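Subject: Structure handover

Hello,

I am passing this structure on to you. Please open it first, then read the notes below alongside it.

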Amino acid sequence: MNGFAYPDISPIIFSIGPMAIRWYSMAYLFGIIAAWFLVKYNIKKYQLAISARQLEDLVFWVTLGIVLGGRIGYVLFYGQSFFWNNPSEIFAIWHGGMSFHGGIIGVILALWYGSRKINYPFLSLTDLTALYAPIGIFCGRLANFANDELFGRVTDVPWAVKFPNGGYLPRHPSQIYEALTEGVLLFIVLNLLWQKKWVRRHNGFVSAIFLIGYGCFRLFLEQFREPDVQLGFVFLHFTMGQILSLPFIVLGLGVLYVTLKLRKPDERF
C-alpha cells in the first residue's frame, strides 16, 4: 500500500537533566503568548478600557482555564473508567490527555470570571479571545502529528502517512487537516470579519462564528480521524468528538441570535 513514511520526529524538543521540553507543551505556550500580544495590539488600536495589569490577569485565568478545562474534559469525556481506577493519573498531565472541547469550556468560564473581576463586557472578551484561539489549535494539532497520535483512518489517498503507532498502515494525516481548517482557515475567516466595523460593534458575533466554525469543522473531519481506541464509536457511527461538537454549534447559533437580535451595537468601535 502507498503512503509517506512518518518523519522521524521526537516528541521531546530537548531535555536538560530530568526536565524535558515537549512539542505539546510548547504548542500551548506559543499559542497563549501569540494571542496575548495580538490581543494587546487590539486593545491599543481600538483604545479599549483594559489595562496591562488586567490583561495579565486575564491571560493567567485563561491559561488556567485551558489546562484545567482540557484535563477535566479529557477525564470526563474520554477516560472515565481508567481514571476511576487510577485517580492519581488525573493530575499526571505530563502523561498526555487533553480535550480541546474541555479547554474551550474552561476558557469560556475563565473569561466569564475575568469579565466580572475587571467589569468588562463578557462577549467583548470572548470575541478578542476567539480571534486568536485558532493559533493554539493550529499549534496543538501540529504537536499531535509530532507525537504520532490522533491520526486518521486507513486510506489509499496519495498523501497518506504511515504512522508507527498506527501499525505503519497508510492513514489520513487528520491532525494536518484539523490544523489547516480549525487553525489556519478559521483564523483567516475570523480576522477578515473583524476588519468590518459592524462585526466589531456586535459583541459576540466573532465568538459565535468561532463556535459554529470549530464545531462544523470538527464534526466533518472526525470522519477521517481514527476513533479513540478506548471509546470507539459512541453512538451509531458518531465519535465523542462529533457528539461534543454539536452543542458548540447550537451555542454558537444562540449567541449569534442574541448578538444580532437582542443586543444593541457597541458604540466603542
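Predicted model: local features only at pLDDT ≥ 70, side-chain atom pairs only at ≥ 80, totals over all residues.

Pocket

I looked at the second largest pocket, whose volume is about 840 Å³. Its lining is made up of 42 residues. Those that lie nearest the centre of this pocket are Val 62, Ile 66, Val 107, Thr 129 and Ala 133. To find the pocket in the viewer, start from these five names.

Several helices take part in the lining. At least two lining residues come from each of H1 (23-45), H2 (52-78), H4 (100-118), H5 (122-146), H8 (205-221) and H9 (240-262). The most is given by H5, which supplies 12 residues. By residue type, the lining of this pocket has 32 nonpolar and 10 polar residues, and no charged ones.

Surface patch

There is a nonpolar patch on the surface with about 930 Å² of accessible area together. Its members are Ile 13, Phe 14, Ile 16, Met 19, Trp 23, Met 26, Leu 29, Ile 33, Trp 36 and Phe 37. Strand S2 (12-16) and helix H1 each contribute at least two of the patch residues. H1 gives the most to the patch, with six residues.

Leu 29 is one of the patch residues and sits in helix H1. Its relative accessible area is 42%, so Leu 29 counts as partly exposed.

Salt bridges

Over the whole structure, the search finds eight salt bridges. Side chains of opposite charge can pair when their charged atoms come close.

Asp 57 is partly exposed, at 28% relative accessible area. Arg 53 is exposed, at 59%.

Another salt bridge pairs Glu 178 with Arg 141, and the closest N and O atoms are 3.2 Å apart. This pair links distant parts of the chain, as Glu 178 belongs to helix H6 (residues 174-194) and Arg 141 to helix H5, 37 residues apart. Are the two partners buried or exposed? Glu 178 has a relative accessibility of 2% and counts as buried. Arg 141 is also buried, with a relative accessible area of 1%.

Glu 178 has a further partner in Arg 225, with 3.3 Å between the closest N and O atoms. Here too distant parts of the chain are linked: Arg 225 is in the loop between H8 and H9, Glu 178 is in helix H6, and the two are 47 residues apart. Arg 225 is buried, with 4% relative accessible area.

These residues belong to a network of salt bridges that links Arg 141, Glu 178, Glu 182, Arg 218, Glu 222 and Arg 225.

Single residues

His 202 is found in the loop between helix H7 (197-201) and H8. With a relative accessibility of 16%, His 202 counts as buried, because the limit for buried is under 20%. The C-alpha atom of His 202 is separated by 22 Å from that of Leu 55, which is 147 residues away along the chain.

Most residues other than glycine have a negative phi. Leu 150 is not a glycine, yet has a positive phi of about 55 degrees. Leu 150 is placed in the loop between H5 and strand S4 (161-162), and at 28% relative accessibility Leu 150 counts as partly exposed.

Leu 236 likewise has a positive phi, of about 55 degrees, without being a glycine. Where does Leu 236 lie? Leu 236 is in the loop between H8 and H9. At 63% relative accessibility, Leu 236 counts as exposed.

Regards

How values were computed
Residues numbered from 1 in each chain as written. Heavy atoms only, no water. 1 Å grid on protein atoms, 1.4 Å probe; cavity = no way out; pocket = protein on both sides within 12 Å on 5 of 7 lines; lining within 4 Å. Points joined across faces, edges and corners; volume = space filled by probe spheres on them. Helix = DSSP H or I, 4+ residues; strand = E, 2+ residues; numbered from the N terminus. Nonpolar A, V, L, I, M, F, W, Y, C, P; charged D, E, K, R; others polar. Patch = residues over 30% accessible without salt bridge, like charges linked within 9 Å, V, L, I, M, F, W, Y side chains within 5 Å. Areas by Shrake-Rupley, 256 points an atom, 1.4 Å probe, with all protein chains shown as cover. Salt bridge = Lys/Arg side-chain N within 4 Å of Asp/Glu carboxyl O. Buried < 20%, exposed > 50% of the residue type's maximum accessible area, 1.4 Å probe, protein only.
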